[in-house]
Structures are given as C-alpha cells and as structure tokens.
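User: I would like to learn how to read the features of a model like this one. Could you take me through them step by step?

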Amino acid sequence: MAKKTARKASAKKYLDFHGRMVMVGFGSIGQGVLPLILRHINIKPEQITIITDDMRGGEKEAERFGIEFVEKRLTESNLRSTLDNRLGQGDFLVNLSVEVASTALIELCQKKGVLYLDTCIEPWPGGYSDPNLSVSRRSNYALRDTMLKLKSRHKGGTTAVVAHGANPGLVSHFAKQALVNLARDTGVKTAVPTTREGWGKLAQRLGVKVIHIAERDTQVSPKPKEVGEFVNTWSIDGFVSEGGQPAEMGWGTHEKTLPPDGKRHTFGCDAAIYLNRPGLLTQVRTWTPIEGPFHGYIITHNESISIADYLTVHDGKKAVYRPTVHYAYHPCDQAIMSMHELAGKNLKQQKRQRLIVDEVTSGRDELGVLLMGHKKGAYWYGSQIDIDEARKLVPYNNATSIQVVAPVLSGIIWALENPNEGIVEADEMDFQRNLEICMPYLGPVVGKYSDWTPLQGRGELFPEDLDKSDPWQFKNFRVV
C-alpha cells in the first residue's frame, strides 16, 4: 500500500499574472477557488471580475476580497457584448457556470487570444433536456465530440483547458499515477510514458480491464432534508442536469456483449456507449478503501469517455485494447434522499435547493480511481479528505469542493505556464505538475489493493445472471 498524507498548504506564489481574469459563475466552486487564486497567483483583486446570474451567498466573499461583482445572465444574444470589453489578448476566462455554452466561450477566447478553463463541457439551456434531441445527442459523448471538432480547428491556439475539476480533471491525473504505481508494484519495468500511445500500451500491458471513478461522500448536516428540497454538497443544478442525461461509459474491448439497453453512437470516436436510461436511476457495484463495497450511480461525466479514448490502443483502425471506464458515485446521504424524491417526480427538480458547506458537521469525500482486472486484482488511488481538514486548508469549502478547486487552480497555473497548447483535455496535460499543485489540498492520498470483485457474496440468497468466467464484465457490476 502506498500512502501519502497532505503537505501543509503554503502561500507559495507559483507565478505572476498581469492580465485581467473574468470568472463566469460564482457558486460553490467559484467561491471555493477564489481564495486559492489570490493565495497562489500574484494577482491583484482589481484584475478580477465575477459575472454571475444568481446571487448565492458569494457577495460577501467578493466584497471581502475587493472583487468586482456583476449580476448578469450570459446568453447567446449578450455573450459577446458583455465580454468583449472585459477580455483581450493574454487575459483569462475561468468558466464555472451552468447553461452557458463552453464552445461559444472558447471560440470567443480563441479569436481574442484569451486563456480559458472550465470544469465540464456545458451546453446552452435545453442541451441536457430537449426532448427533440435523441438520447445520443443529449449525451456527454456528443458534447465532447463537438469540442473535439473545435479542437482541430484551433490547433496551436491559445490554451483552453477543458473539463478540469475533480472529475473530470483530477481523476485523469490520478489514473496515470495509479498506472505508474501498479507497474512498480507488479514488477513491470517501464519509464513514465510521455505519449498517448505509451499510456495506452502500459494499461494494456498491465491488464487493466475496468476503471471506476469510485467516490463516496459521507458529509452530513444536522438539519434534515425537507420535502420539496434538494440538498447536496456541490452544485445542485449541475448534479441534476448530469443525472438526467443518459448513463454513459467508455466501453472496453474485453466486454462480451452490449447491455440490453446499451447503444453505440453513430458518430465520433466510438470509444463509449450509452444506456437508454438516466444515470440518476442506474447503479453499479464498486469499492473504496474506507467504505468498502457499495452501490454507486453511473452519473455521466466527460472523463468516462476521455480516459477510455485516451487509453485505446489501435491496430490500424481497429481498437485492440480499451478499458471500460465510468463514474460510480454515492453522494452524501441527504442527496440520496433528494435523488429519490426527484426520481419520483419524473426528474422534475424540487423548487428549493440547499447547498451544505458551513453546516456540514462531519464526514469526508473519498474520491479516486479503481483499476481492476490486473495481476493484483483491484487498486484504488485517490483522496480521502474530511471536512475538518478541508476547512483548515482554505475557507469557503467543504470536502467535496476542495477536491474540485485544487485542480481548477492547477489547471489555471498550467495554462499560464503553457499558453499556446490550443484546446486540451486533462489526459493531455502534465499529470505530475498538476498533482504537485493539488496535493497540499487533497488530504491523505492513498493507494490500496483489494481482492474485491463484483461477484463477492452474489447469488447466495437469490439466483442471479452472472458471468463467473470473468468477474470484470459490466453485467456483473450492474445493479438490476
């Protein structure tokens, strides 16, 4: 077992920034990352502007730091007029909003020579829930495919870091470190890969069949969830939008058959499939070191597709190796109750929201990657930060948001250090540099091996349709 505890957070300034920084959106992540930007980048408050359509308690924080706060909803019609005079060559746009199209912001930034970062690929309103769009077109796969087309048009342009929060983002760096650790611990001699092909061949050589982004949030508030209220530890609008999208996963070459409700896309890289049901209603078996076995939800995320695509090994046009990759998420218990209520209302969101940050009294967020199918069975690598340590490290955060804001900070710094990389995903970035910046804010970072498989304890009280010849088939993970 490899274990690394958090280093003490310092006030180290990584670099100077003399341009303007515009932050679009100021919810839980915007509020959490602002102190880190001011702590670790030599930037003055008057260089920063926050634009948000909804005052959600961040006004006092912005006032405390002396940041300009503009209350305005960005739309297709006012996007350019609102941002044109606020951004120019060498400035930085940090997009932490919902329902503002990432592609529109990136195109504006590419045209003006502005650096960019977001934590997920967002569409305009309706992109997640328009019934006139096919299930395939409402997927993260489709959003990523649109971004990849934009990427090819702006090769070598100003750096735009796409989908770089905790997950997607940080977990791609965890996955690379986990592969390096696994190679070391199984006696596979290899240099740290420096190319996409090298990482794919290492994962293939190690025999990794499945990668879960396995997360268990145990944070609690003493105030019970009320009827008609959605409670969560991070963006409720973001969670509900993702939960209403189809369950998605990178689809491994070891899989024997598609799920009965599984579908392939008719466009794009073909690295992933989707299920004809929302992720919020789709569960799988997974494992983390502290929680042990549990049921998580396949909430769609960009990293499920990008990691699988990045690690694919081709022989000509044929994919000869790819792991199955997906999120397996158990949110805090009050969010689970909120999800059940939401599902009973046909995914119509409750009128009231409660984001729990200051009121959390205990718990942690255990977030990592679970690599399975290799010589040692299963290996989890990730962060196990609790609420007490999160609060000591940086204000305006809980144990969930701090795992997001640290890679937002590292992504901003990496973009400033590498300003002409065009549009990039986390998988294409320097994982060691990003982890170096993130580590002081992740609490204990742990690597743990396990003999757990999704077949353990199965079929004892009731018959189940299992594939006992290969425990790592998706049908064995799925909860039906």
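Analyst: Gladly. Let's begin with secondary structure: helices (H or I, at least four residues) and strands (E, at least two) are DSSP runs, numbered from the N terminus. This is a predicted model, in which local features need pLDDT of at least 70 and side-chain atom pairs count only at pLDDT 80 or more, while totals for chains, interfaces and linings use all residues. Residues are numbered from 1 along each chain as its sequence is written, and side-chain values use heavy atoms, with hydrogens and water left out.

User: Which residues does the UniProt annotation "transmembrane region" cover?

Analyst: UniProt positions are given in the numbering used here, feature names are shortened, and annotations may be inferred rather than shown by experiment. In this case an unreviewed UniProt entry puts the "transmembrane region" at residues 21–38. In the model, that span is 61% helix and 22% strand, with its end C-alpha atoms 11 Å apart. The unreviewed entry also gives "domain: Saccharopine dehydrogenase-like C-terminal" for residues 165–445. Residues 165–445 are 32% helix and 29% strand, and their end C-alpha atoms lie 17 Å apart.

User: How many aromatic pairs does a search of the whole structure find?

Analyst: Rings of Phe, Tyr and Trp (its six-membered ring) pair if their centres lie within 6.5 Å; planes under 30 degrees apart count as stacked, over 60 as edge-to-face and the rest as tilted. The search of the whole structure gives 12 aromatic pairs. One of them is F230 with F239, edge-to-face because the planes stand at 90 degrees, with ring centres 6.0 Å apart. F239 and Y329 are also edge-to-face, since their planes are at 65 degrees, and their centres are 5.8 Å apart. This second pair links distant parts of the chain, 90 residues apart: F239 is in helix α8 (residues 236–244) and Y329 in strand β19 (residues 324–330). Ring pairs join F230, W234, F239, Y327 and Y329 into a cluster.

User: Is F239 buried or exposed?

Analyst: Buried means under 20% relative accessible area, exposed over 50%, partly exposed in between (1.4 Å probe, protein chains only). F239 has 1% relative accessibility, so F239 counts as buried. Y329 is buried too, with a relative accessible area of 1%, and F230 is likewise buried.

User: Which residue lies over the face of F267?

Analyst: A charge sits over a ring if NZ of Lys or CZ of Arg is within 6 Å of the ring centre and within 35 degrees of the ring normal. Over the face of F267 lies R137, 3.7 Å from the ring centre. K376 takes such a position over Y449, at 4.7 Å from the ring centre.
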